[in-house]
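I opened the notebook to look up two things: how one chain is built, and where the two chains meet. The entries follow the order of looking.

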Amino acid sequence: MYNSFELNESVRRALDRYSQSLIKIAFAYLKNMADAEEVAQDVFLAYLQKRPVFENNEHEKAWLIRTTINKSKNMLKAGWFRSRNPVPENLSYLPREENEVLQAVLALDKKYRIPIHLHYYEGYSIQEIADILQAKPATVGTWLARGRMLLKEKIGGAEDEAFSI
Amino acid sequence: MKRSVYKSAMSHLKTSEDFNEATYEKLMREMAKSEQNGPIDQTQSKEMVKMEKAKKKTMTGWTVGVAACAVLAVGIFALNQNGPAKDSVASPSATAQPSSVVSERPPILGKVQVNIDGVISEVSADGKSFKVGDLWVEITDQTKLGSNEPTATAPSEELLQKEFKVGNIVSGFTSQDVSSGRVTADVIYNNMAPAKEEAPIKGKAMVNIDGVISEVSADGKSFKVGDLWVTITPDTAMGIDGPTAAEPSEELLQKEFKVGNIVSGYTSEDVSTGKVDATRIYNNMAPQQ
């Protein structure tokens with residue numbers, strides 16, 4: 001358990017370290033920056049309220065990512081979220097190639113999108129992704145392979161080029 | 001697709017510049033709000049508050065109950081001085097009978113906090129132990145004399161004599177097992193001399209309705225205390241009767257019986273039947289807020 005000071009410190013530290021990661025994961029899920037930031041705020045609020053105790057920084061990050069994914073899922077399921085027609089996020093400020101790749105990834109089904117994000121942006125291994133998503137490593141491997149294949153079909157790429165770690 | 005493009009694209013995504021500061025401020029506001037309403041782990045703290053309140057209520061109830069017993073006992077002695085004492089040898093036993101009957105069935109809930117209650121039949125040579133019923137009670141240096149509850153009045157010499165004598169009426173509490181036959185008293189609330197040449201009367205005979213109302217009938221004339229349904233009839237006397245008894249206040253003797261109220265009273269009927277008519281209601285108090 002933390003006292004208030006320790007809690008303040010741990011929350012501030014987590015914000016500095018992980019806020020961008022959490023926003024990006026939520027964005028990969030929700031495809032909207034405002035929603036992604038709202039989810040990330042909720043995650044830190046949950047951190048403050050639940051006061052989880054972690055074994056190490058990796059454990060802490062994994063908890064935050066899992067909570068972000070769960071909260072993103074919940075937002076996707078919410079009636080108000082489903083019923084609206086948001087303007088697609090304007091990514092035109094990104095360089096053309098980055099924009100193209102990002103749009104391609106966001107167009108994937110979320111079951112491929114999230115493992116790809118965790119693998120290529122966060123650098124998690126298949127085993128680590130399996131732990132975070134509470135899935136079998138083989139399943140995660142399949143999602144990654146299919147996601148990669150779909151991306152290759154869309155944006156091309158050399159035969160031997162892969163989304164490796 | 002080049003392997004670094006996705007990571008680069010994600011890194012270049014624009015997010016709110018003040019996200020961290022805004023989030024931190026929001027979190028601190030939430031934290032301050034939670035602290036105002038109690039700790040963040042609210043379920044546990046709420047339970048703690050509930051327990052503390054319940055404890056306070058129980059202790060207040062008992063304090064008032066014991067005080068009522070004491071006043072009542074004095075009233076009984078005063079009345080019995082003019083009572084049937086001159087009749088015959090049979091009269092003491094006749095008077096004592098109800099007390100022995102009730103002693104087999106202690107007042108409802110009363111046995112928790114008052115489990116030493118009756119007339120001293122024997123006193124040890126050193127005067128530090130006495131026998132009540134089948135129970136030997138020992139007084140030690142640790143035994144508290146009188147109630148130390150915040151609302152309790154200072155015990156008078158009359159109600160709490162220093163010397164334990166045969167015939168004295170005592171009430172008290174021990175945390176030890178009374179079935180063992182010998183205990184050390186934790187507290188002695190009362191140690192009263194009986195009226196002269198009178199058969200001793202157990203105070204508890206006059207208080208066998210005591211506790212918190214858990215149910216009230218639709219007509220409001222019956223209520224449940226522990227496992228006992230008590231009905232108020234037109235014959236039920238209200239308040240404490242006796243020469244030293246104060247006028248009952250609205251606070252201590254409310255007209256309406258409500259769930260949660262603390263009641264004490266007496267019935268001449270057999271409480272083991274589970275349903276009795278109250279002979280007298282001494283107190284009917286709303287629980288402390």
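Predicted model: local features only at pLDDT ≥ 70, side-chain atom pairs only at ≥ 80, totals over all residues.

Entry on chain B. With that cut-off, I find that 30% of the 289 residues of chain B count as buried. I list five helices and 14 strands in chain B. I then looked at contacts in chain B between residues at least 6 apart in sequence, and 71% of them join residues at least 24 apart.

Entry on the sheet. I traced an open sheet of seven strands in chain B, with mixed pairing and the order 11-14-12-8-9-10-13. At its edges I find strand 11 (237–238) and strand 13 (275–277) of chain B, each of which pairs on one side only.

Entry on the interface. I count 32 residues of chain A in contact with 22 residues of chain B. On the chain A side, the elements that give two or more residues are helix 1 (4–30), helix 2 (33–50), helix 5 (96–107) and helix 8 (137–155) of chain A. Which helix of chain A gives the most to this side? I find that helix 1 of chain A does, with nine residues. By class, I sort the chain A residues that touch chain B into 18 nonpolar, six polar and eight charged.

Note on methods:
Residues numbered from 1 in each chain as written. Chains lettered and ligands numbered in written order. Pairing = 2+ DSSP bridges. Helix = DSSP H or I, 4+ residues; strand = E, 2+ residues; numbered from the N terminus. Contact = placed C-beta atoms within 7 Å. Nonpolar A, V, L, I, M, F, W, Y, C, P; charged D, E, K, R; others polar. Buried ≥ 20, exposed ≤ 12 C-beta atoms within 10 Å, placed from the backbone.
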